[in-house]
Amino acid sequence: MHYVTYGISDESSMLRNRRGQMNTGEQSPVSTHHESTQENTEDDRLSEGDSQSLNGTSAQHDQGIYSPNNEAQSTAFFLLVVLLSFSTRLYKIMEPPHVCWDETHFGKMGSYYINRTFFFDVHPPLGKMLIGLAGYMTGYDGTYPFLKPGDKYEHHNYWGMRGFCASLGSCLPPFAYLTVLELSQSPTAALITAAVLAFDTGCITISQYILLDPILMFFIMGAVLSMVKFNRQRYRPFSAPWWFWLVLTGVNLSGALGVKFVGLFVILLVGMNTARDLWSLLGDLHLSLMDFGKHLLSRVFGLILLPLFLYVTIFAVHFVVLNKSGPGDGFFSSAFQSRLIGNNLHNASMPEYLAYGSIITVKNLRIAGGYLHSHWHLYPEGVGAKQQQVTAYLHKDYNNMWLVHRSNDSDAQSGEPDLVRHGDIIRLEHKETTRNLHSHLHEAPLTKKHFQVTGYGINGTGDPNDLWQVEVCGGRKGDLVKVLRSKVRFLHRATGCVLYSSGKTLPKWGWEQVEITCSPYLKETPNSQWNIEDHINTKLPNISLSVLKPHFLEILLESHIVMIRGNSGLKPKDNEMNSKPWHWPINYQGLRFSGVNETEYRVYLLGNPVIWWLNLVSLGLYVVMVAVASLALHRGVQLDKRRIEHCRVLMEGGGLLLLGWLLHYVPFYTMGRILYYHHYFPAMLFSSMLTGITLDTLLQSADLWLRPPYSHWLLRGGQAMLFLAILESFYMFHPLSYGMRGPLAHDPDSTMAGLKWMDSWEF
C-alpha cells in the first residue's frame, strides 16, 4: 500500500522497517512493485517516466538523515530551541507591573471565572477559563478590577496568568521545529524556522501578556504537529502511535475552536488533509472496502465526534462555573437570565399578565437586540426631529423602565387593574423622563425607509403619534399578554409601522447603543418581536418564574448566536485605527501595548522587520522554486535522488504550509468586522515554517552554481549569515518587546534611534 497526503511520506521509515524485516525473515507490507522500483534507482537518476510519477509516489529520503550523528544533532538543536524559546518569553515577564492593552479585557474575564460571575464575550470560553484557572492556581483572588490600560497591579498576583500565556507561547518554536523536521527531514530547515519564531519580537510580545493569542496559537500548532505526526504513521494503521496522534489532533482542534472562532481555519486545513488521505486510501486496490470503512470511521471519531464532544463540554463547564448574574446578562434572553443567581428573574415571582398601570421593561427577541431604552439626550441636528432619543440598550438600566397607560389616560386608580389584551391601544411613558414612546414620518437615523422613534411630550401628555396597538404573535383579539412568555409586537396607529430593533450601532451621539426604528415592513421577525421582562404591579398576584429555565442545548445555541452577532457587530468606531490585511505581511504598522511618551514604560507590538520581510521574500521564492521544479519534472530533466527529495519536500511539505498560510490569512479580506494587526500571527506561524523549508532547500542547492568545495563554503556561509542576521536584528529591536523608557525613536539618544524604518511605526 503506497499513497501520498499533504504530509511528508514515510519512505525512510519504510526503509528502516525493511532492513529489520530482512534480518528477521519477515515480508514487507509494501508492494513488490515499489521494491523493484527502489532497487532500480541505484544510479541516482530519474527517468522521464519516474519524474512524472512524483505526484503519485514519494522519493526516498536521504539515508544520512537517520544516521546517529544527525539524530544527535536534531536532539541537540531541539533542546537549544526549547531553551531559547522559554528564556526569550519568560524574560522580564513581570514588567511592566501595570495593565497592558487587552489585559484589561481578558484579565477581567479571568477574574469573572474566579468569582463565578456571568459575562459576555464574542469568543468561545476556553481561553478565558484557562487564564482564570492559571490565576486561581497561582494565588490570584479575582479582586483586581482591570479597569483600563496603565492601572498598576500593586499587591495583586498577576504573574501566574502572564506566565501561563508565556509558557504556551514558548511552545510555538519547539512545535514548529518538530513540524518542519517531520516535513523536510532537515534539522537545518527546522532550526531556521525555530530561530525565526524564537527571535521574532512580535511573537515574544504577544506571548508575554494576558491574552488569548498565545493560547490560540498553541492549539493551532499542536493540531498541525499532531496531524503531521499522524501522517507519518500511515504505514502502521490502528497502532497505538497512530491512534495517539489522531486523537491528539482532534483534542487540539477542539482547543483551537474553543479559544477563538478562527480555529475553524486549522480545522479546514486538517479536513482537507484528511480528505486527500482518504481519497488515496480509496484508490489503493490492496485495501478492502471493509478496511477503508474502518479508516473512515476512525477519522470521523477522532476528528469530528471527539472534538465536537470536547467543544460542547467546554461550554458545559462554562455555564456551570458562571452561575451568578453579571454584566453579560442583558445580551441574552429572559429565559437564559432566569438561570443566573442574583438576576432579578432567578427564582423570581411577578404578575403573570400585563396590566395597565404596570412598570415594565421591554426586551427585543432578536439575540442581543437589547431593551427598549430612552434618556435625556436628543437626536442631533439633521437626524430626524430633534426630540429625545429612543434606543435599545444591552444592559439592565433604570432608563429601561416604562409605564403602561390606556390611550385615553383613564387608568384604573382603585381595585384590581384591567389587563392588557391583544388589539388594545396603549401609550408607553418613559418612567425617568415622563416622555411618551413616539414615532412619525421622519427617516430613521441609520436604516433607510424606516421611520424615526423618539420620546415626545411631557408628564405623559403628547399627541396621537404616541399611540401603539398591542399584537400578541399568533394570538386573537382579547388574548391576554403573558409576561416573559408572549411574543408581542407594537404597531404604530398613525403610520401603520411596527416597533423594530435594527441591530445597527448608533454613532457616539447615540452612545453607541442600538438603533430603534418603526418599520413599514410588517412581516414577523425577531427584530419586531418583544417580550415583557420586568413587571411591577403591586395590585396583582405574583407567580413563580422557575418554569422558564431553558435546557442546555437551548442556551448553547443562544450563546453561539450571540457570539456570532457580536463578532459581526465589531465595526470601527469614529477615529479608531482599523488595520488592513495587506498591512500585515509587510509589517506596516504595529500596536501600542503600553506607554506613549518619554516618561512612560513603552512596549510596542511589531514583528522583527528583518524576519517578517524575510518571510515575505521566502513566499515569493517558494512560488518560483516550485514552478521551476515542476517544469523540470514535466520536461523530464534528469535529476539525482537528492534533488528529487528537494522537489518532494517543496511540493508536499511546503504545499501544506502554504495552504495553512492562505487559510489563516486570505479569509480576513472578506470580513466586515474591525481587524487588528495581531490577527495575522497564526498565519505568520505557517509563513515562518515555509521560510525554513524554502531557504534550506535554496542553500542546499548551492552545488547547482558552484563546484565543491566552493558550493560547501557557500552553503555554510549562507547559513551563518542567515542566523547572524536573525540574531543581530533581534538585538536591534528587542526593546520593543522588553520595554523602553526615555527619548522616542526620532531622538538621537533613543535606544531605537535610526530604527524607525517606516513612518507608520509608532515607537
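Contact here means heavy atoms within 4.5 Å. Helices (H or I, at least four residues) and strands (E, at least two) are DSSP runs, numbered from the N terminus. The model is a predicted one, in which local features need pLDDT of at least 70, side-chain atom pairs count only at pLDDT 80 or more, and totals for chains, interfaces and linings use all residues. Residues are numbered from 1 along each chain as its sequence is written, and side-chain values use heavy atoms, with hydrogens and water left out.

Start by colouring by confidence. pLDDT is the predictor's confidence in each residue, from 0 to 100. The protein chain averages 87, and 89% of the residues score at least 70. Select residues 1–66: pLDDT stays under 50 there, and the model has 132 contacts beyond four places in sequence for this stretch.

Next, the helix pairs. Axes are lines fitted to C-alpha atoms, for helices over the stretch in contact, and angles run from 0 to 180 degrees between N-to-C directions. Angles under 35 degrees count as roughly parallel, over 145 as roughly antiparallel, 65 to 115 as roughly perpendicular and the rest as oblique. A crossing is left-handed if the near helix is turned anticlockwise from the far one by less than a right angle, and right-handed if clockwise.

Select α11 (residues 213–232) and α12 (residues 240–259). Their axes are 8 Å apart, at an angle of about 155°, which makes α11 roughly antiparallel to α12. The crossing of α11 over α12 is left-handed. Show side chains at the contact: α11 contributes residues including I215, F219 and M227, and α12 contributes residues including W242, W245 and L253. By class, this contact has 14 nonpolar, five polar and one charged residues. Ala, Val, Leu, Ile, Met, Phe, Trp, Tyr, Cys and Pro count as nonpolar, Asp, Glu, Lys and Arg as charged, and the others, Gly among them, as polar.

The contact of α12 with α14 holds 14 nonpolar, seven polar and one charged residues.

Move to α9 (residues 187–198) and α19 (residues 681–700). Their axes come within 8 Å and cross at roughly 140°, so α9 and α19 are oblique to each other. The crossing is right-handed. I192 and V196 of α9 are among the contact residues, as are M684 and I693 of α19.

Follow α19 onward to the loop between α19 and α20 (710–733), where P709 lies. A cis peptide bond joins P708 and P709, with omega about 5°. A second stop of this kind is the cis bond between E95 and P96, with omega about -10°; P96 lies in the loop between α4 (68–90) and α5 (103–115).

Now select K449, in the loop between β7 (436–443) and β8 (451–456). K449 has a positive phi of about 70° although it is not a glycine. Most residues other than glycine have a negative phi, and most peptide bonds are trans.

Finish at C497 and C518. A disulfide (a pair of cysteine sulfur atoms within 2.5 Å) joins them, with S to S 1.9 Å. The torsion about the S-S bond of C497 and C518 is about 95°, so the disulfide is right-handed. C497 sits in the loop between β10 (488–492) and β11 (498–505), and C518 in strand β12 (residues 514–519), 21 residues apart.
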